[in-house]
Amino acid sequence: MAQTSPIRYSFGADEHLFAEVSESMSLEAFFKGMAVTRAVQRLELPGVLDICLANASFQIRFDPDLIAPHVLLDAVQSAEAQAVAERTLHTRIIEIPVLYNDPWTHETLMRFRDRHQDPTATDLEYAARVNGLADVEAFIAAHSGAPWFVSMVGFVAGLPFMFQMVERERQLQVPKYLRPRTDTPKLTLGHGGCFGCIYSVRGAGGYQMFGVTPAPIYDPAQQLAYLKEHMVFFRPGDIVQFKPIDRDAYDLAVAEVEAGRFDLRIRPVEFSLDAFFCRPDRLPENPAGGASMIKVLKPGLATSVQDLGREGYYHLGIPPSGALDQYALSAANHLVGNPAGAAGLECTLIGPQLEFQQDGLVALSGALMSPRLDGEVVHQDTAFQVRAGQVLRFEFPVAGARTYLAVAGGSTCRWCWVAAPHTPWVGWAGFMGGACRRVMCCLSARPAAKAGPATVCRWPCAARWAAM
C-alpha cells in the first residue's frame, strides 16, 4: 500500500473497533479502507461479527467473549501493514431516474422553512445560489451531469451516501438544514455538505431535498428483479448516474413498480483510480476493453447507435432495424477502414454535439449537415483526424435527413456497452436503453491507424439524394 497516514483506531464500548482512515473523504481513503477491510475478511477471525466500510473509515463489530479487543486490534493493524490497495474496482454503473423539484418534497420543505438557512427559497433555489449557478435548471444539469460514487451504505437500512465524481473544485456543496426535519418522503434525493444520498425510507432528515426517484432501493419483500439478490440494493463502490425525468415518466415508473415489472438499468464497469485522477470527466471504461471515445454534450433530435441490422429475429417480434441509409453508414465505415456493418452514430435532422475524449480517425457520410470541428468546417465523405477535447457540431441539413459518424476501430467497438442497433420499441437501444444522452460516453474503440495531416480518402456521393 502506498505510504499514507496511519489509521487511527479506537474502541466503542465493548463490541466495536472504529478505524479512522482519513479526516476527509477521498477516493484514496476509500480504496485504502477497502483494502484493509478485505484483508481482515480474509483472516476469518473468530468472533468478528460485522465489518462495515464507510466514507473514510470502517468499523468492526466483534464478540469480546470470542476474541479479546487487543488481539483483534493487533490482527487488524497487521492486516493494515500488509494490505495492498488495488487501483481498480470491478463495480457497476446504475442509472437512477429522478423527478427533480417534485411536489412531495416541495410540500415537505415548505413545512420546515423555519429550520432552513433561507426560508424564502426552496432547497433547489438555495443550492443553485450557494454554488454560483444561474438557476434551478443549471443546478439540476450540474447535479445530473456527472456520475456519483457510493462510498458507504448506512444511517438507516439501505441508504447510500455518495459524492460526485468530478474535480474537488467542481463538487456541489450545500450545508444541511440548521435543524433536522421530522419528516422526509421515502426515496428523496438528498444532499448535505458534499454528499448526496437517497432516503430509503420515510423519516427524519437534515439534508437538502432535490427530488424523488420511483426506484425502490430497500425492500425486505424483495419484489423487484434487481432486489432479488438482497433487500438492500446499493453497496460501496457503486457508480450512480442520475437521469432527470418528467412527471409522466415518474408516474409510469411508479405503476411499473406496483405491478412488479420495474427494473433499473445497470451495467458492469471497471473503475480505475488512476484513470479517474487523469481524466475525472470521463466515465469508467467498458470492462470488455477499450477507452471511451466520445462524450455526448447534446444528444440532438434522435441520435442513436446503428449498424446494418440483425436478421433472424422476426419470429420473436424483433425487426432487423439498422441504419435507414445503409449506403451512407457503409461509406463512413469504409473511409476509416472499418467493416461496412460496424456500428456508428446515426444523426437525424438536428445533430448532436460530441466531444472527443481521445485522438482518432473519423468520417461522416449522409445528409449534408454542415459539420464543424471546433468551429472549423469539415468535409463529409472524407476521413479526418480528431484530437482529444475537440467538439463536433452540426447544423440543420440542407439535403437529406440523416448523417452517419464512423470511428476507426469500429469493428472492435463496444457501443454504449450494449449491442447495436437502436430499436426503442423492443428495448434495444444505446447506452442504458435509449438514444444517446448528454454526458454519457457512447463509444469505446481500440487504437486504430491515424490519418496524416492532409487526408485524401474520399467517397463518391453524386446523385445520392435522387430518391429523397
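**Exercise 1. Check the length of helix H1 against its residue count.**

Start with the rule: the expected span of a helix is 1.5 Å times one less than its number of residues. H1 has 17 residues, so it should span 24 Å. Now compare with the model, where the end C-alpha atoms of H1 are 25 Å apart, which agrees. A word on the labels: helices (H or I, at least four residues) and strands (E, at least two) are DSSP runs, numbered from the N terminus.

Before going on, keep in mind that this is a predicted model, where local features need pLDDT of at least 70 and side-chain atom pairs count only at pLDDT 80 or more, while totals for chains, interfaces and linings use all residues. Residues are numbered from 1 along each chain as its sequence is written, and side-chain values use heavy atoms, with hydrogens and water left out.

**Exercise 2. Work out how many residues of H1 are buried, and what comes just after the helix.**

Set the cut-offs: buried means under 20% relative accessible area, exposed over 50%, and partly exposed in between (1.4 Å probe, protein chains only). Count along the helix and you get 12 buried residues out of 17, so H1 is mostly covered by that definition. Among them are Leu27, Phe30, Phe31, Met34 and Val40, but also Lys32 and Thr37. Then step off the end: just after H1, glutamate 44 takes a positive phi of about 50°, although glutamate 44 is not a glycine. Glutamate 44 is found in the loop between H1 and strand E3 (48-53), and its relative accessible area of 69% makes it exposed.

For a second case, go to serine 370, another non-glycine residue with a positive phi, near 45°. Serine 370 lies in the loop between E17 and strand E18 (372-373) and is partly exposed at 31% relative accessible area.

**Exercise 3. Find the largest nonpolar core and say which element gives it the largest share.**

First, the term: a nonpolar core is a set of buried Ala, Val, Leu, Ile, Met, Phe, Trp, Tyr and Cys residues joined through side-chain atoms within 4.5 Å. The largest one holds 47 residues, and Phe58, Val76, Phe149 and Phe271 touch the most other members. Its largest share, nine residues, comes from helix H1 (residues 27-43). Apart from this core lies another, of 35 residues, including Ile96, Ala128, Leu189 and Phe233. As background, nonpolar side chains tend to be buried together in soluble globular proteins.

**Exercise 4. Trace the side chains and the pairing of strands E16 and E20.**

Take E16 (residues 353-356): Gln353 and Glu355 point one way, Leu354 and Phe356 the other way, and all are buried. Next, look for a partner, using the rule that two strands pair if DSSP finds at least two bridges between them. E16 and E21 pair in the antiparallel sense over two bridges, with leucine 354 opposite leucine 392 in E21.

E20 pairs with strand E17 (residues 360-368) in the antiparallel sense over four bridges, and glutamine 385 is the bridge partner of leucine 361.
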